[in-house]
Amino acid sequence: MRVLIVLSLTLLVACGDPLMTLPGGALKGNTAAAPAEWSALAGVKTIQVEFRPADPYSHNIWGVGLGPNLYIATSAKGTRWTPFVAADPNVRVRVGTDLYDLTAVPVTDAEERTRVADAYEHKYELDPKDNWVTGAMIFRLDRRP
C-alpha cells in the first residue's frame with residue numbers, strides 16, 4: 001500500500017503543474033499579452049507562478065490585481081521561491097490556460113504596500129489585526145518590455 005501511495009504522489013508531481021501546496025515545473029498554456037486590468041482576477045483564489053526560467057519551479061500562490069498591476073506576497077522572511085526572484089526576476093503567471101510573461105519587482109513604497117495589504121485583506125478575508133501581508137515581501141508583476 002505504501003508503494004502505491006508513493007508511486008501516485010510521484011506521478012502527480014511529475015506532471016509538472018503545481019498541486020495544492022506542492023511545487024511543479026514549467027507551466028504549459030497559451031502565451032497571451034497581460035490584460036490591461038487585472039480585475040478579472042478578483043474571482044480567482046490562486047494563480048500559478050513559474051520562477052527560475054533556467055530550471056522552472058512553479059507554485060500556487062494567492063495574488064491580487066489592482067487596476068493594471070498584479071501582486072504576489074510571501075512572509076517577511078521569504079520562502080523557497082524568493083531567492084529565485086532575486087537571481088532572475090522573470091516569471092510566468094498562469095491564470096486558467098493563459099500564460100503571461102512578467103517581471104517581479106519588489107514593492108518598497110509604503111502607500112503601494114498598504115494598498116496591496118488592504119486588497120489581500122479584502123479578497124482573502126484576512127483579519128486586519130493579523131494581516132501577514134503588512135510585513136510581507138511583496139512583488140509587483142510588471143509587463144515585460
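The account begins with the basis of the model and then turns to the fold.

This is a predicted model, in which local features need pLDDT of at least 70 and side-chain atom pairs count only at pLDDT 80 or more, while totals for chains, interfaces and linings use all residues. Residues are numbered from 1 along each chain as its sequence is written, and side-chain values use heavy atoms, with hydrogens and water left out.

The protein chain contains three helices and seven strands, taken as DSSP runs (helices H or I, at least four residues; strands E, at least two) numbered from the N terminus. Their order from the N terminus is α-β-β-β-β-α-β-β-α-β. Of the contacts (heavy atoms within 4.5 Å) with a separation of 6 or more, 66% join residues 24 or more positions apart.

Of the 145 residues, 37% are buried, that is, under 20% relative accessible area with a 1.4 Å probe, protein chains only. The largest nonpolar core has 32 residues; such a core is a set of buried Ala, Val, Leu, Ile, Met, Phe, Trp, Tyr and Cys residues joined through side-chain atoms within 4.5 Å. Elements that each supply at least two residues of this core include β3 (57-66), α3 (110-123) and β7 (137-143). Ile 72 is among the residues with the most contacts inside the core, and the residues that Ile 72 touches include Phe 51, Trp 81, Tyr 120 and Leu 141.

Mean pLDDT, the predictor's confidence in each residue from 0 to 100, is 87 for the protein chain. Over residues 3-15, however, pLDDT stays under 50. Where pLDDT is low, the predicted coordinates should not be read in detail.

Key. Buried means under 20% relative accessible area, exposed over 50%, partly exposed in between (1.4 Å probe, protein chains only). Lists of a residue's contacts leave out its neighbours within four places in sequence.
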